[in-house]
Amino acid sequence: MKKQSVALFSLLVLVFIGCAGQDGEQGPSGEAGLPGEISQEDIDSAVEAALAEPEAEVGGTLVVYSGRKESLVSDLIAEFESKFGVDVEVRYAKSAALAGTLELEGSISPADVFFSQDPVSLGVVAKAGLFDKLPADILDNVPTWAIDKNSFWVGTSGRSRSLVVDTRDVTDAEMPSDIYGLVDEKFRNRLGLSPTNSSFIAMISCMIESDGEEKVLEWLTAINGLGYTEYPKNSPQVAAADAGELDIGMINHYYTLRVVAENDDSPIKNVYLDGGCGAMVMPAGAGILATSQNKPAALSFIEFLHSTSAQEHFT
């Protein structure tokens, strides 16, 4: 909380105490005034003094648990350190693993900020009651689709689920309208996916939330029965489609765009399904731990992630 906010809160407390403790006080004219009446001049003076309070200084050490790769965000973090004079200590790991660590550490966690690759891991930490609610000045700077419904975290960038297709072997006419349409005999041994990838898990979580466990289990069982090629992550699926080794892969959109940008003659493209979780936009995002020992720096860090330079870096 900024010093200015603390000062205003303290003012309100003083007003309340004054109202509670001066019942029946005589007004300046000798008539009985309102219980605990404080003049407008006193209030104006107190508010002016509160607003004159400087904001809390940003500095010290900030501990960030980052599920975002070091190769992607280390330059951004160095820029933040340089601009704000904050020493940032970063613990890099998979987002799901860090969420589990935060749950285990609880109130003794040294983390100030959890910077997650995926919304599911943010949701785990939020459900455990480990985040502080974010202030309005941060929430107002973020699109509504990238704000946690309880204001515990905000997105910092977004990526869409899509299908990468090899246009040499796949026609537009045979593509399904939604993710469930992939359960079709015509797609036998033509599909690729990365079942341990966090984005695939986020998509499955979305499907369970929207359609229930039974329907999703039926879909997974049917996909397994059709046969699929397993990949460790998204990018190998795109490379395989580009090489003519895979017809359809379940990925995040930007991997295909990267290949196409480097090679105009690439035969692959993205197919975005009409709706539902197969085309969900997933935010990577950040939240501030309730036990943070450096909340001014934590707030500044999240604000920095929405700055023009940071957003251009992500793009």
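Is K94 buried or exposed? K94 is exposed, at a relative accessible area of 66%; exposed here means over 50%, buried under 20%, and partly exposed in between (1.4 Å probe, protein chains only).

Before the rest, a word on the basis. This is a predicted model, where local features need pLDDT of at least 70, side-chain atom pairs count only at pLDDT 80 or more, and totals for chains, interfaces and linings use all residues. Residues are numbered from 1 along each chain as its sequence is written, and side-chain values use heavy atoms, with hydrogens and water left out.

1. You'll find K94 in the loop between β2 (87–92) and α4 (95–105). Helices (H or I, at least four residues) and strands (E, at least two) are DSSP runs, numbered from the N terminus.

2. K94 also belongs to a positive surface patch, together with K69, K233 and R258. Patch residues have over 30% relative accessible area and no salt bridge, with like charges joined within 9 Å. A salt bridge would be a side-chain nitrogen of Lys or Arg within 4 Å of a carboxyl oxygen of Asp or Glu.

3. Now the disulfide (a pair of cysteine sulfur atoms within 2.5 Å): C206 is joined to C277, S to S 2.0 Å. C206 sits in helix α7 (residues 198–211) and C277 in the loop between β8 (268–271) and β9 (281–288), so the pair ties together parts 71 residues apart in sequence. The torsion about the S-S bond is about -75°, so this disulfide is left-handed. C277 is buried, at 7% relative accessibility.

4. Have a look at helix α11 (residues 295–305) too: it is mostly covered, with eight of its eleven residues buried. Among them are L299, F301, I302 and F304.

Key. Patches are made of residues with over 30% relative accessible area and no salt bridge: like charges are joined within 9 Å, nonpolar side chains (Val, Leu, Ile, Met, Phe, Trp, Tyr) within 5 Å. Accessible areas come from the Shrake-Rupley method with a 1.4 Å probe; for residues, only the protein chains shown count as cover. Lys and Arg count as positive and Asp and Glu as negative; His and the chain ends are not counted. The place of a charge is taken as NZ of Lys, CZ of Arg, CG of Asp or CD of Glu.
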